[in-house]
Amino acid sequence: MKRVVQTLAAVAAGGSMVAVLIVTIGLYNVSAREGHMWGVTWLMHTTFKQSVKLRAPGPKEVPDDLSAPDRVTLGALHFKSGCAFCHALPGQPQSATAQAMEPTPPHISTITDWTPGEMFWIIDEGVKMTGMPHWPAKDRDDEVWSVVAYLNALPDAAGQVALAGEGRGRASCAECHGESGESGNSYIPRLDLLTPGQIAEALRQYRSGQRPSGIMREAAMALSDSEIATLAQTFGSSKGPRQQSEPAPEATTPGALLAQRGTGHVPACTVCHGPGRQADAPIAPLLTGQSRDYLAAQLKLWRDGHRGGGARAHLMRKAAQDLSDADIAALADYFAGLPAE
């Protein structure tokens, strides 16, 4: 028995010595051109699959609106900007650079063997030693689920194939927000309700990461200050900082009651955001007529402490910290249902 133990110890020591030599002398060839040694690809891919399956969210955590057309469209537009370089678009080949990677990123047409929860985990967390990055903004699950929605729609919905448009490259601002800033997509904000100053401030915050968003940071990172100023003037309201003296509609719905209820720490939503905001109120973004799902997503970010930016961010965090999901839904329905001022 003693001899067996000694033999095993010697084998282990020898193996350790070989491993040290491989690492320190550089015996292992890390060239992507050569690929992996026999068995290494199977080992790494199996480890990857099992790791994802162990950690991915279950079916109960998948959003109910995963198949909503507007969410799928948002995911498609971001996929074109941030993902198609490696994974291509439906019906198109991968770039030569992507095909030369080791391992080669899967073509979008082959991303079909994962559950929505598993796709979410891969997109959100990324995968070591593959070139797959984690999502650029932490705690923006709403954005990650939009990309999952697009990928999940592809196998069964032929109409979704062309959503990302032709060719690789960034989706233009107008593709997401509309030519005049009116959007038309419930998950994308209307820019025509904002002033140029508000748009410029938001773009600078996205560019710096002060306001977390994987989608918008991808769009804003390459923008210069002059380009931001031009975009703000193009999409922002030409009416400037608008104030309204007309009284707000009578509060009858749960959302209206919440919107017109202030506390000792923060004013009512309508005081700053309309309708009927006062002439001396802070110039805050108008919410009347804004996209419903976008409003709900932003309120949840404020409530959960994942939203930054703005000189009065502390007021929004206080205003949202005690809101339930039902409260948020009611507020979003109320403001989205009002005509834009």
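Select Gly126 to start: this residue follows helix 6 and has a positive phi, near 75°. Helices here are DSSP runs of H or I with at least four residues, and strands are runs of E with at least two, numbered from the N terminus. The model is predicted, so local features need pLDDT of at least 70 and side-chain atom pairs count only at pLDDT 80 or more, while totals for chains, interfaces and linings use all residues. Residues are numbered from 1 along each chain as its sequence is written, and side-chain values use heavy atoms, with hydrogens and water left out.

Colour by pLDDT next (the predictor's confidence in each residue, from 0 to 100). The protein chain averages 86, and 88% of the residues score at least 70. Where pLDDT is low, the predicted coordinates should not be read in detail.

**Helix 6**

Select helix 6 (116-125). Eight of its ten residues are buried (under 20% relative accessible area; exposed is over 50% and partly exposed in between, with a 1.4 Å probe and protein chains only). The buried residues are Gly117, Glu118, Met119, Phe120, Trp121, Ile122, Ile123 and Asp124. Show helix 2 (40-55) and helix 7 as well: what covers the buried residues of helix 6 includes both.

Pick Phe120 and Trp145. Their rings form a stacked pair, 4.5 Å centre to centre with 20° between the planes. Phe120 belongs to helix 6 and Trp145 to helix 7, 25 residues apart; both residues are buried. The structure has four aromatic pairs by the rule used here: ring centres of Phe, Tyr and Trp (its six-membered ring) within 6.5 Å, with planes under 30 degrees apart counted as stacked, over 60 as edge-to-face and the rest as tilted.

**The cores**

Now select Phe79, Ile123, Trp135, Val148, Tyr150 and Leu151. Of the 37 residues in the largest nonpolar core, these touch the most other members. Such a core is a set of buried Ala, Val, Leu, Ile, Met, Phe, Trp, Tyr and Cys residues joined through side-chain atoms within 4.5 Å.

Centre on Leu151. Beyond its neighbours within four places in sequence, Leu151 is in contact with Phe79, Ile108, Met119 and Ile123 (contact: heavy atoms within 4.5 Å). Then move to the second, separate core of 18 residues, where Ala256, Leu258, Ala320 and Ala330 are among the members.

**Salt bridges**

The whole structure holds eleven salt bridges (a side-chain nitrogen of Lys or Arg within 4 Å of a carboxyl oxygen of Asp or Glu). Select Lys53 and Glu118, whose closest N and O atoms are 3.6 Å apart. Lys53 lies in helix 2 and Glu118 in helix 6, so this pair ties together parts 65 residues apart in sequence. Lys53 is partly exposed at 43% relative accessibility, whereas Glu118 is buried at 8%.

Go on to Glu175 and Lys80, a salt bridge with closest N and O atoms 3.6 Å apart. Glu175 sits in helix 8 (residues 173-177) and Lys80 in helix 3, 95 residues apart. Glu175 is partly exposed at 36% relative accessibility; Lys80 is buried, with a relative accessible area of 8%.

End at Arg140, Asp142 and Glu143, which are linked in a network of salt bridges. Between Asp142 and Arg140 the closest N and O atoms are 2.7 Å apart, and Arg140 is buried, with a relative accessible area of 6%.
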